Amino acid sequence: MTKSIAEINEKIAKGQAVVVTAEEVIDLVRKKGTAKAAKEVDVVTTGTFGPMCSSGAYFNLGHSQPRIKAGGGQVYLNDVPAYTGIAAVDIFLGATALPDDDPRNRSHPGEFKYGGGHVIEELVAGNDVRLVVNAHGTDCYPRRKIETWINLQSMNEAVLFNIRNAYQNYNVAVNLGDRTLYTYMGVLKPRLGNANYSTSGQLSPLFNDPYYKTIGVGTRIFLGGGVGYVAWHGTQHNPGALRTDKGVPRRGGGTLAVIGDLKQMSPRWLVGTSFLGYGATLTVGIGVPIPILSEEILEYAAVTDEEIIAPVIDYFEAYPQRSPEVLGEVTYAQLKSGSIKIKRKQVPTASLSSYSRAVEIATTLKGWIKKGEFRLTEPVAPLPGVESGIIIKPMQERPLEKEG
Amino acid sequence: MTVAKTVARKVVLRFPHRLVDKPIIYRLVKDYDLQFNILKASVTPEEEGLLILELSGSKKSYDDAVRYLTGVGVELQPLVKDVFRNEERCTHCGACVTICPVDAFVVNPKTRVVDFHETKCIACALCINACPVRAMEVRL
């Protein structure tokens with residue numbers, strides 16, 4: 001049995017497409033078997049809703065009168081600095097940017113109440129944001145200072161552009177030390193007090209297409225409550241990660257770079273986030289549709305939490321020191337049971353990624369497709385797969401030569 | 001004649017594992033002449049002791065006792081009145097589940113929605129800053 005994306009789109013146009021979520025497909029395959037289910041199902045929808053630090057947005061602010069050249073100067077949105085090293089009124093705001101006067105970790109653990117991710121959430125909510133520009137002034141752009149309110153509607157372009165989202169798999173973080181750790185994986189209690197994980201497991205986009213056979217550059221997706229696209233593979237994309245027999249990565253694995261018009265997104269799916277003692281970030285909602293082009297693709301999409309394995313990593317010593325030590329491997333089914341066994345100790349688990357909201361994303365995307373509002377796209381280029389030989393590289397430091 | 005100023009305070013005490021079997025509250029009575037009323041006591045699965053007390057006595061004794069407690073390594077916080085969840089903001093990720101010392105947050109195994117049991121909450125406020133989207137708030 002094979003189908004094409006064009007055939008599936010025709011069925012979507014007629015309102016006849018059979019769409020199920022990555023959770024629903026599991027039961028369907030159990031009941032009907034892969035062959036029959038693959039014939040029936042046209043699209044499987046996935047979802048993930050978790051903190052994703054390599055997120056941000058670029059904006060074109062419009063030209064003031066007289067003109068100002070923010071490029072090379074300083075720009076602040078609600079006191080959070082944006083990157084200005086581009087043309088006159090284009091700026092980029094990163095999710096982890098912090099106000100210059102944020103106390104950070106001077107009083108440890110810092111609270112990181114407000115950063116770039118929070119500004120993005122406020123803009124998407126339609127709020128006015130305080131813009132401050134300091135510039136050097138030129139003959140063509142004479143102005144040196146602007147202070148004004150702006151919002152999404154007043155901008156020309158407002159584009160969410162996340163250079164690494166939707167990590168295929170992720171570490172389970174624990175703490176072997178004797179003091180509390182404040183990390184991007186949350187608060188880790190001493191002596192294996194808890195274990196934090198952060199993927200939606202069987203619902204997560206890249207777990208359902210482990211070899212990137214359908215997801216590629218140009219794939220249309222659910223992004224931040226609106227429509228977005230896969231722009232490229234994400235940074236640190238690591239198709240060469242260790243895999244199970246069924247091809248599911250047992251370590252980080254692949255990632256996606258995604259892009260979309262911020263003006264049609266929603267603050268329910270882009271939430272400013274603060275990690276105590278670590279920093280600010282953005283929680284992002286992503287859902288990717290998987291066209292069931294063959295039995296093989298359905299088999300991948302029917303992956304269950306029992307078949308997905310994550311590494312347990314110590315964030316007291318191993319992670320900060322970049323030691324390769326893995327304390328053990330656990331399945332997502334074990335993680336979701338509420339506790340896992342590490343070093344003969346029963347350790348309670350917690351998730352940083354919301355499974356219930358991931359279900360909501362997959363269900364929303366399913367609804368859009370069933371109603372014919374959302375068509376599937378043919379990828380214009382594949383993501384680098386296992387055959388690319390790409391393996392994530394660590395930094396090799398080299399001493400700078402002494403200046404004479 | 002001077003009248004000693006008296007105080008009555010509700011406090012949350014957290015005992016690290018090494019102090020759980022030490023006679024600390026006894027010394028509050030013996031050495032600092034404080035009265036105590038136990039509102040809640042538990043030892044968590046991580047073997048941390050948790051005690052909520054109302055302490056009363058002279059202001060000086062109370063301050064000295066606080067100094068003694070923090071000196072030996074007991075974490076002490078005033079018992080705030082009420083902790084509530086901003087339902088609009090909560091994303092039901094579950095980061096709070098293992099932070100709460102009294103298991104007031106429970107993941108529904110079927111829906112994976114995080115239920116907050118306010119009646120279990122002892123208002124220790126540990127969840128306030130541990131919540132990544134800061135959905136937990138203190139009502140003073």
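## Exercises on salt bridges and one buried threonine

Over all chains, the structure holds 23 salt bridges, a salt bridge being a side-chain nitrogen of Lys or Arg within 4 Å of a carboxyl oxygen of Asp or Glu. This is a predicted model, in which local features need pLDDT of at least 70 and side-chain atom pairs count only at pLDDT 80 or more, while totals for chains, interfaces and linings use all residues. Residues are numbered from 1 along each chain as its sequence is written, chains are lettered from A and ligands numbered from 1 in the order in which they are written, and side-chain values use heavy atoms, with hydrogens and water left out.

**Exercise 1.** Find the salt-bridge partner of Arg130(A), and work out which parts of the chain the pair ties together.

*Solution.* Begin with the partner, which is Asp79(A), the closest N and O atoms being 2.9 Å apart. Strands here are DSSP runs of E with at least two residues, helices are runs of H or I with at least four, and both are numbered from the N terminus. Finally, consider accessibility, where buried means under 20% relative accessible area, exposed over 50%, and partly exposed in between (1.4 Å probe, protein chains only). Arg130(A) is partly exposed at 31%, and Asp79(A) is partly exposed at 41%.

**Exercise 2.** Describe the salt bridge between Lys60(B) and Asp64(B), and state how each residue is classed by accessibility.

*Solution.* The two side chains meet with an N to O distance of 2.8 Å. Turning to position, Lys60(B) and Asp64(B) are four residues apart in helix α2 (residues 59–72) of chain B, and are thus separated by about one helical turn. As to accessibility, Lys60(B) counts as exposed at 59%, whereas Asp64(B) counts as partly exposed at 22%.

**Exercise 3.** Locate Thr219(A), decide whether it is buried or exposed, and describe its surroundings.

*Solution.* Thr219(A) is found in the loop between β15 (216–217) and β16 (220–223) of chain A. With a relative accessibility of 4%, Thr219(A) counts as buried. A polar atom of the Thr219(A) side chain lies 2.9 Å from the backbone nitrogen of Gly216(A). Lastly, leaving aside neighbours within four places in sequence, Thr219(A) is in contact (heavy atoms within 4.5 Å) with several residues, including Thr214(A), Tyr229(A), Val288(A) and Pro379(A).

Conventions: Polar contact = N/O pair within 3.5 Å; in protein donor to acceptor, adjacent residues only side chain to side chain.
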